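Dear colleague,

Please find the structure below, together with its sequence.

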Amino acid sequence: MIEVKNLTISYGGNSVAVKDVNFQTESGKIISIIGPNGSGKSSLIKGILGLVQPVAGQILFQNKNGEPYTIGYMPQTPRFPTNIKVAELISFFKKLEPVEEERFQNLLSILELHNHMDKKIGSLSGGTKQKISILQCFSSKKNLYVIDEPTASLDPYISHLLKSLLAEKKKEGSLVIFSTHILKELQELADRFLLLSEGSILIDDSPENFLRKNNKTDLDQALMNFWNEEYKTKQ
Ligand SMILES: Nc1ncnc2c1ncn2[C@@H]1O[C@H](COP(=O)(O)OP(=O)(O)OP(=O)(O)O)[C@@H](O)[C@H]1O
């Protein structure tokens with residue numbers, strides 16, 4: 001179980017990127033974080049991962065068997081050293097953390113990374129760097145997968161692969177948290193979603209429940225309605 005308690009993140013000055021966010025979730029679920037640009041999705045994700053120091057609040061990780069949480073993370077933009085070859089980076093990852101060899105080889109082949117092994121990281125497209133990030137994230141089993149806008153720079157085939165991986169991880173009992181701007185993706189995958197606005201949670205619901213409450217079948221429409229009302233009250 002993960003419990004986010006009163007999490008507040010600021011990068012200094014008066015602005016607050018995440019404001020007193022609270023939620024908890026069991027394993028074996030997919031949670032999606034959505035919200036407009038700058039609403040705090042990446043900051044919340046970085047807060048959960050401990051990549052930014054919160055000004056208040058805490059995150060509690062509790063594994064059933066008391067073992068530490070293992071975490072796979074795909075950032076929005078992978079930042080790898082640019083001057084080394086793909087093969088060198090991948091062998092570095094394998095030294096950092098043991099991989100499940102069969103899973104690793106399988107992913108390497110599906111992602112067609114073999115063709116890029118001798119290329120320098122700096123010469124790769126954004127999508128190919130994301131593929132390396134997928135390989136790194138999913139080559140061993142983790143309790144928690146945190147994915148920041150997973151399909152933003154991927155072609156439809158690799159997007160589909162990534163979505164299948166997320167569904168597979170849920171089936172295996174892991175918790176998956178991903179942020180997205182693609183509501184269809186959310187509707188397809190998520191058990192629950194958090195809508196952020198200016199760093200606060202405005203909606204915490206399942207897609208089905210939210211649709212039922214709003215008497216809609218399409219999440220895009222339901223959220224646009226909600227958003228228009230929300231926007232009007234701010235005028
Ligand atoms: N490193 C940083 N230093 C200063 N301010 C930051 C930093 N990172 C994010 N912010 C600010 O925090 C707020 C939330 O940004 P964040 O990137 O978390 O939003 P987001 O919802 O992920 O946006 P997007 O959808 O555009 O990726 C924004 O006002 C942003 O300008």
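I begin with helix α1 (residues 41-49), which lies across strands β3, β5, β6 (144-148), β7 and β8 (192-197). The helix runs at about 155° to β6. A further helix, α5 (residues 156-171), packs on the sheet and touches β3, β6 and β7. The direction of α5 makes about 150° with that of β7.

Please note that this is a predicted model. The mean pLDDT of the protein is 92, and 98% of its residues reach 70 or more. The model scores are ipTM 0.98 and pTM 0.93.

The sheet itself is open and has 6 strands, in the order β5-β6-β7-β3-β8-β9, with mixed pairing. Its edges are formed by β5 (71-74) and β9 (200-205), each of which pairs on one side only. From one strand to the next, the twist averages 15°.

Within this sheet, β3 (residues 30-34) and β7 (residues 175-179) run parallel and are joined by 4 bridges. Opposite I177 in β7 stands I31.

As for L186, its contacts, leaving aside neighbours within four places in sequence, are S32, I34, T180, F193, P207 and L219.

Yours sincerely

Terms used:
Residues are numbered from 1 along each chain as its sequence is written. This is a predicted model: local features need pLDDT of at least 70, side-chain atom pairs count only at pLDDT 80 or more; totals for chains, interfaces and linings use all residues. pLDDT is the predictor's confidence in each residue, from 0 to 100. Two residues are in contact if their C-beta atoms, placed from the backbone, lie within 7 Å. Two strands pair if DSSP finds at least two bridges between them. Helices (H or I, at least four residues) and strands (E, at least two) are DSSP runs, numbered from the N terminus. Axes are lines fitted to C-alpha atoms, for helices over the stretch in contact, and angles run from 0 to 180 degrees between N-to-C directions.
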